[in-house]
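Reader: I would like to go through the wording used for a protein model. Please take the terms one at a time.

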Amino acid sequence: MTQISHRVSGLRAGTLTLIGACGLALAGCSGETPASDETGAAVLAEPASDPVPELLDDTDGMETVADALEDTGLAGIFEGNASYTLLAPDDASFAALGEEGEALTQGEDKAAMAALLKQHLLPGYLMPRDIEGAIERSDEGSVTITSLAGEDLTFRRNGDAIVVTSPDGAEATFKGEALAGGASVAIPVSGLLRKAES
């Protein structure tokens, strides 16, 4: 565990460091060292339960993001052994976009929805406690993880909550319990990591 703390404490754009630390944590629990795919995401030997999209579809307030994953084809990435973390916006986050959100959720622009979802996807299996621990060990009081969209997301504490901020200043707050499914996890958030177009 000392090694994990040491590796996480110097984070800035810390995707690989944080993911590596969490991979070591998982290895410590299972007694095995997980392999990794070409993205650096940890690969677990066997998925543990239903995949993330199915869990989201069965969770109140998460149906919009579940449908979006299916409509864009991104649900497929949760079917393999590679691990991902989805910061899953609740239904109210999409509704807050108004007409723009309605166009996105009705499938009128699947490419735009896929791009938005990738902004909320992180490589590796990260539970809220992993991110919280990294924040506490950081000298800056925040950690930065690069999303699958290639943008740096900054995580910090705001009182008892964990807030994530995108480069354009959009914010989302962790809410509710994380959903672990297969080799991946979804962390429900209130807010989208993209500002509405004015």
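This is a predicted model: local features need pLDDT of at least 70, side-chain atom pairs count only at pLDDT 80 or more; totals for chains, interfaces and linings use all residues.

Reader: Why is Q119 called buried?

Author: Buried means under 20% relative accessible area, exposed over 50%, and partly exposed in between, with a 1.4 Å probe and protein chains only. Q119 has 6% relative accessibility, so Q119 counts as buried. Of the 198 residues of the chain, 45% count as buried.

Reader: Where is Q119 found?

Author: Q119 is found in helix α7, residues 110-119. Helices (H or I, at least four residues) and strands (E, at least two) are DSSP runs, numbered from the N terminus. The buried residues of α7 are M113, A114, L116, L117 and Q119.

Reader: What makes the pairing of Q119 and S147 a polar contact?

Author: A polar contact is a pair of N or O atoms within 3.5 Å; within protein, one must be able to donate a hydrogen and the other to accept it, and residues adjacent in sequence count only if both atoms are side-chain atoms. The side chains of Q119 and S147 are joined at 3.2 Å. A polar contact of 2.9 Å links the side chain of Q119 with that of E151.

Reader: Is S147 buried or exposed?

Author: S147 has a relative accessible area of 4%, so S147 is buried. S147 lies in the loop between β5 (142-146) and β6.

Reader: Why are α4 and α7 called oblique to each other?

Author: Axes are lines fitted to C-alpha atoms, for helices over the stretch in contact, and angles run from 0 to 180 degrees between N-to-C directions. Angles under 35 degrees count as roughly parallel, over 145 as roughly antiparallel, 65 to 115 as roughly perpendicular and the rest as oblique. The axes of α4 and α7 come within 10 Å and cross at roughly 120 degrees. The two helices α4 and α7 are therefore oblique.

Reader: Which residues make the contact of α4 and α7?

Author: On α4 they are V65, A68, L69, D71 and T72, and on α7 they are K110, M113, A114 and L117. Contact means heavy atoms within 4.5 Å.

Conventions: Residues are numbered from 1 along each chain as its sequence is written. Side-chain values use heavy atoms; hydrogens and water are left out.
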